[in-house]
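Please consult the sequence and the structure shown here while reading.

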Amino acid sequence: MNWLSWENVCSIFPRRKRDSHKGTFGTLLCITGRDNMPGACALSTLAALRSGAGLVKVATTRNNVSILASQIYESVYLPMQTDNTGGIIWEANQNTLRSAIVQASAILIGCGLGDTAATQQLVRKTVRLANCPIVIDADGLNALAACIDIMQEQKANWILTPHPGEMARLIKSSPSVVQADRATCALQFCETFSGTLVLKGAGTIVQQGTTCVQNPTGNPGMSRGGSGDVLAGMIASFAAQGIPPYQAACAGVYLHGLAGDLAAEQYSEQAMLPRDLLYCLPQVFRRMEQFQSRM
């Protein structure tokens with residue numbers, strides 16, 4: 001198994017042309033957040049914006065929109081109707097969602113949606129309609145575990161981002177089995193379901209078909225709820241900009257880990273928070289642009 005390197009990752013990104021505009025860098029649709037999970041929505045949205053997507057549309061609950069719109073000015077919000085548990089439901093929002101899915105360059109679904117029957121339907125409908133890269137994270141993965149076969153019938157280039165517990169649910173096994181041989185687990189999954197798998201953990205594995213790399217960046221201070229939302233937003237942002245799914249995933253895990261390492265230097269592993277990764281992303285991308293200018 002090969003390791004990702006700084007040079008590999010920097011080579012993934014094209015230099016931004018002087019005549020670029022927001023359409024050059026794609027439209028990302030984020031379907032995220034139930035009423036009691038605005039943080040997951042906020043972290044993934046900010047990560048996507050900081051990672052360079054041209055336009056980020058956020059489909060989330062009306063309550064979340066009222067919270068986020070006063071703090072995150074750069075997104076377009078699509079207020080969603082909810083069920084009595086505060087979760088997004090497909091039926092009441094399908095016209096808005098269908099239009100947004102068709103217009104998207106990439107889709108992120110799952111962060112903070114809740115593990116409910118409504119989420120399962122939302123994920124199934126979105127996956128079947130999507131004709132662009134789709135990143136499925138968190139509760140989107142839990143929903144997918146109940147209907148995993150749809151990954152073989154849909155047209156989009158999917159990227160799944162499970163931690164070991166979510167991976168275990170996808171393969172109907174246990175976290176201990178996943179952790180015992182992460183590389184084999186990732187390979188066998190991608191032999192069955194063609195797409196890109198990001199198996200998170202110490203030394204995150206990115207697998208597509210028989211191609212596999214491991215990530216060297218990151219630290220234990222990132223072991224907090226919310227870090228995965230930042231990663232999902234970054235990967236989805238790169239995919240929206242036209243970077244192929246496997247390369248988008250590789251870039252996401254490496255740069256996410258690098259931001260985590262910078263955050264640990266500034267705040268300590270003990271005290272750092274997932275939001276600190278967002279504060280460190282500008283330093284990461286400035287380093288990358290400076291490196292590219294010398295290439």
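## Basis of the description

Helices are DSSP runs of H or I with at least four residues, and they are numbered from the N terminus. The model discussed here is predicted.

## The largest pocket

The largest pocket has a volume of about 640 Å³. Its lining comprises 30 residues, and those nearest the centre of the pocket are K200, G201, M222, S227 and H256. By class, this lining of the largest pocket consists of 16 polar, eight nonpolar and six charged residues.

Several helices take part in the lining of the largest pocket: α6 (139-144), α7 (164-170), α10 (227-240) and α11 (245-267) each contribute at least two residues. The most is given by α10, which supplies four residues to the lining of the largest pocket.

## The second largest pocket

A volume of about 480 Å³ is found for the second largest pocket. This pocket is lined by 21 residues, with P14, R16, F25, Q241 and E289 lying nearest its centre.

Helix α12 (residues 274-293) gives the most to the lining of the second largest pocket, contributing seven residues. The lining of the second largest pocket divides into nine nonpolar, six polar and six charged residues.

## Packing of α10 against α11

Two packed helices are described by the angle between their axes and the distance between the axes. For α10 and α11, the axes come within 8 Å and cross at roughly 140°. Angles over 145 degrees count as roughly antiparallel; α10 and α11 are therefore oblique to each other. Their crossing is right-handed.

On the α10 side, the contact involves S227, V230, L231, M234, I235, F238 and A239, which meet A248, A249, A251, G252, V253, L255 and H256 of α11. The contact of α10 with α11 contains eleven nonpolar and three polar residues, with no charged residues. S227 and H256 take part in this contact, and both are also among the residues that lie nearest the centre of the largest pocket.

## Packing of α4 against α5

Helix α4 (residues 90-103) and helix α5 (residues 117-129) have axes that come within 11 Å and cross at roughly 25°. Because angles under 35 degrees count as roughly parallel, α4 is roughly parallel to α5. The crossing in which α4 passes α5 is right-handed.

In this pair, W90, E91, L97, R98 and I101 of α4 meet Q121, L122, K125, T126 and L129 of α5. The contact of α4 with α5 has five nonpolar, two polar and three charged residues.

How values were computed:
Residues numbered from 1 in each chain as written. Predicted model: local features only at pLDDT ≥ 70, side-chain atom pairs only at ≥ 80, totals over all residues. Heavy atoms only, no water. 1 Å grid on protein atoms, 1.4 Å probe; cavity = no way out; pocket = protein on both sides within 12 Å on 5 of 7 lines; lining within 4 Å. Points joined across faces, edges and corners; volume = space filled by probe spheres on them. Nonpolar A, V, L, I, M, F, W, Y, C, P; charged D, E, K, R; others polar. Axes fitted to C-alpha atoms, helices over the stretch in contact; angles between N-to-C directions. Parallel < 35°, antiparallel > 145°, perpendicular 65-115°, else oblique. Left-handed = near helix turned anticlockwise from the far one by under 90°. Contact = heavy atoms within 4.5 Å.
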